[in-house]
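Let's work through some exercises on a protein structure together. Have the sequence and the 3D view open, and try each task before you read its solution.

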Amino acid sequence: ATVLLVAGRVPPAVVQAGLEACCTTIAASPFVARRREAFHLASSWVDSMSPSSPRWDSAEAVASLMADLALRRAQLGELWRLRRGDAAGPASAEGLEGQLSGAGIDVSRALAALDELMPRATASGAREADWRVLEAHARAEQAASRRMGGAAAFAAALALGGMAAYASQ
């Protein structure tokens with residue numbers, strides 16, 4: 001689906017309708033089970049794909065998967081352009097390749113497929129749209145990292161305060 005979205009061969013609404021039709025089957029698939037096991041993610045489309053979970057909501061699962069596909073589409077489109085010699089943008093080719101392969105995408109196979117299919121990534125405004133997605137994702141990751149860093153600093157301060165109080169006794 002990611003390659004077809006990048007290539008502009010299938011509109012996102014068609015992909016979403018297909019996902020809605022087979023959401024329960026996807027959720028029970030070995031692919032989702034492997035992703036859940038491999039990544040141990042708590043807030044991803046993989047996590048939302050568990051019909052046995054008390055918070056299962058197929059509409060939410062499809063929306064989460066579509067959001068992930070939008071990110072992967074932008075990453076793959078930008079990587080394809082960089083590999084074809086376009087000037088650097090907000091993300092490096094190495095970083096994009098790592099993120100895509102980390103998400104379970106066979107990058108070399110996806111790039112080869114794009115070489116065969118490619119009108120969308122060269123369409124007017126496509127690169128700028130992909131940059132907006134990539135930059136928004138980077139900002140969200142930085143915000144999450146700052147929240148985690150703040151929590152770690154707070155925990156360290158509590159621990160040091162406790163040790164200081166203990167040492168003063």
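## Exercise 1: One leucine and its partners

Leaving aside neighbours within four places in sequence, Leu-71 is in contact with Val-133, Leu-134 and His-137; contact means heavy atoms within 4.5 Å. A word on what you are looking at: this is a predicted model, where local features need pLDDT of at least 70 and side-chain atom pairs count only at pLDDT 80 or more, while totals for chains, interfaces and linings use all residues. Residues are numbered from 1 along each chain as its sequence is written, and side-chain values use heavy atoms, with hydrogens and water left out.

**Task.** Find the helix that holds Leu-71, and decide whether Leu-71 is buried or exposed.

**Solution.** 
- Step 1: Leu-71 lies in helix α6. Helices are DSSP runs (H or I, at least four residues), as strands are (E, at least two), and both are numbered from the N terminus.
- Step 2: Leu-71 has a relative accessible area of 9%, so it is buried. The cut-offs are under 20% for buried and over 50% for exposed, with partly exposed in between (1.4 Å probe, protein chains only).
- Step 3: Now look along the chain to Ala-136. Leu-71 and Ala-136 are 65 residues apart in sequence, yet their C-alpha atoms are 9.6 Å apart in space.

## Exercise 2: The view from the other side

**Task.** Turn to Val-133 and list which residues are in contact with it, leaving aside neighbours within four places in sequence.

**Solution.** 
- Step 1: Val-133 sits in helix α9, residues 126–167.
- Step 2: Its contacts are Ala-70, Leu-71, Arg-73 and Ala-74.
- Step 3: Val-133 and Arg-73 are 60 residues apart along the chain, and 9.4 Å separates their C-alpha atoms.
- Step 4: Val-133 has a relative accessibility of 25%, so it counts as partly exposed.

## Exercise 3: A glutamate in α6

**Task.** Is Glu-78 buried or exposed, and which residues does Glu-78 contact beyond four places in sequence?

**Solution.** 
- Step 1: Glu-78 is another residue of helix α6.
- Step 2: Its relative accessibility is 0%, so Glu-78 counts as buried.
- Step 3: Its contacts are Gly-89, Leu-96, Arg-127, Asp-130, Trp-131 and Leu-134.

## Exercise 4: Where α6 crosses α8

**Task.** At roughly what angle do the axes of α6 and α8 cross?

**Solution.** 
- Step 1: Two packed helices are described by the angle between their axes and the distance between the axes.
- Step 2: The axes of α6 and α8 come within 10 Å and cross at roughly 75°. Axes are lines fitted to C-alpha atoms, for helices over the stretch in contact, and angles run from 0 to 180 degrees between N-to-C directions.
- Step 3: That makes α6 roughly perpendicular to α8. The classes are under 35 degrees for roughly parallel, over 145 for roughly antiparallel, 65 to 115 for roughly perpendicular, and oblique for the rest.
- Step 4: Leu-76, Leu-79, Trp-80 and Arg-83 of α6 meet Val-107, Ala-110, Leu-111, Leu-114 and Asp-115 of α8.

## Exercise 5: The largest core

**Solution.** 
- Step 1: A nonpolar core is a set of buried Ala, Val, Leu, Ile, Met, Phe, Trp, Tyr and Cys residues joined through side-chain atoms within 4.5 Å.
- Step 2: Of the 19 residues in the largest one, Leu-76, Leu-79, Leu-100, Leu-111 and Leu-114 touch the most other members.
- Step 3: α1, α6, α7 and α8 each supply at least two residues of this core, and α6 gives the most, with 6 residues.
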